Amino acid sequence: MPEEAPDAVLTVSELTHEIAALLEGHLGQVLVRGEVGRVTYAASGHVYFSLKDEDAVVSCAIWRRTARRLRFRVEEGQEL
């Protein structure tokens with residue numbers, strides 16, 4: 001069975017904008033709860049980490065401007 005050609009070729013930015021629009025249109029604003037894993041404090045000031053539960057993992061980022069305002073340090077194993 002031959003592969004079908006894709007309807008469109010998107011850049012990474014275009015794809016993430018489309019995903020965000022779909023989620024925001026369907027879910028609105030949400031809060032997500034999970035356990036922090038794999039935290040990286042970048043030299044840029046951004047904080048990268050994963051948020052996980054028993055069945056799934058989401059990669060996350062806190063941009064420098066927001067990270068500066070945190071009143072706690074994001075640490076592996078925390079429940080956020």
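Strand 3 is the element that gives the most to the lining of the largest pocket, with 5 residues, where strands are DSSP runs of E of at least two residues, numbered from the N terminus. The model is predicted, so that local features need pLDDT of at least 70 and side-chain atom pairs count only at pLDDT 80 or more, whereas totals for chains, interfaces and linings use all residues. Residues are numbered from 1 along each chain as its sequence is written, and side-chain values use heavy atoms, with hydrogens and water left out.

The largest pocket has a volume of about 480 Å³. Of its 13 lining residues, Phe49, Val58, Ser59, Cys60 and Ala61 are the closest to its centre. A pocket here is an open set of points, on a 1 Å grid over the protein atoms alone, where a 1.4 Å probe fits and where protein lies on both sides within 12 Å along at least five of seven lines, and a lining residue has an atom within 4 Å of a point; the volume is the space filled by probe spheres set on the points, which are joined across faces, edges and corners. Strand 2 (47-52) and strand 3 (57-62) each supply at least two residues of this lining. By residue class, the lining of the largest pocket divides into 11 nonpolar, 2 polar and no charged residues, with Ala, Val, Leu, Ile, Met, Phe, Trp, Tyr, Cys and Pro counted as nonpolar, Asp, Glu, Lys and Arg as charged, and the others, Gly among them, as polar.

These two strands belong to an open sheet of 3 strands, which has the order 1-2-3 with antiparallel pairing. Strand 1 (35-41) and strand 3 stand at the edges with a single partner strand each, so one side of each is left without a neighbour in the sheet. From one strand to the next, the twist averages 20°, an angle taken between the N-to-C directions of lines fitted to C-alpha atoms, on a scale from 0 to 180 degrees.

Strand 1 and strand 2 pair in the antiparallel sense over 5 bridges, pairing being assigned if DSSP finds at least two bridges between two strands. Within this pairing, Glu35 stands opposite Lys52, and Val36 has Leu51 as its bridge partner. The two strands form a hairpin with 5 residues between them, and Gly45 in the turn has a positive phi of about 100°. Strand 2 and strand 3, in turn, are paired in the antiparallel sense over 6 bridges, with Val47 bridged to Ile62 and Tyr48 bridged to Ala61. A hairpin of 4 residues joins strand 2 to strand 3.

The second largest pocket, with a volume of about 220 Å³, is lined by residues including Thr16, Ile19, Ala20, Leu23 and Glu24. Its lining divides into 5 nonpolar, 3 polar and 1 charged.

Finally, Arg73 lies over the face of Tyr41, at 3.9 Å from the ring centre.

Terms used. A charge sits over a ring if NZ of Lys or CZ of Arg is within 6 Å of the ring centre and within 35 degrees of the ring normal.
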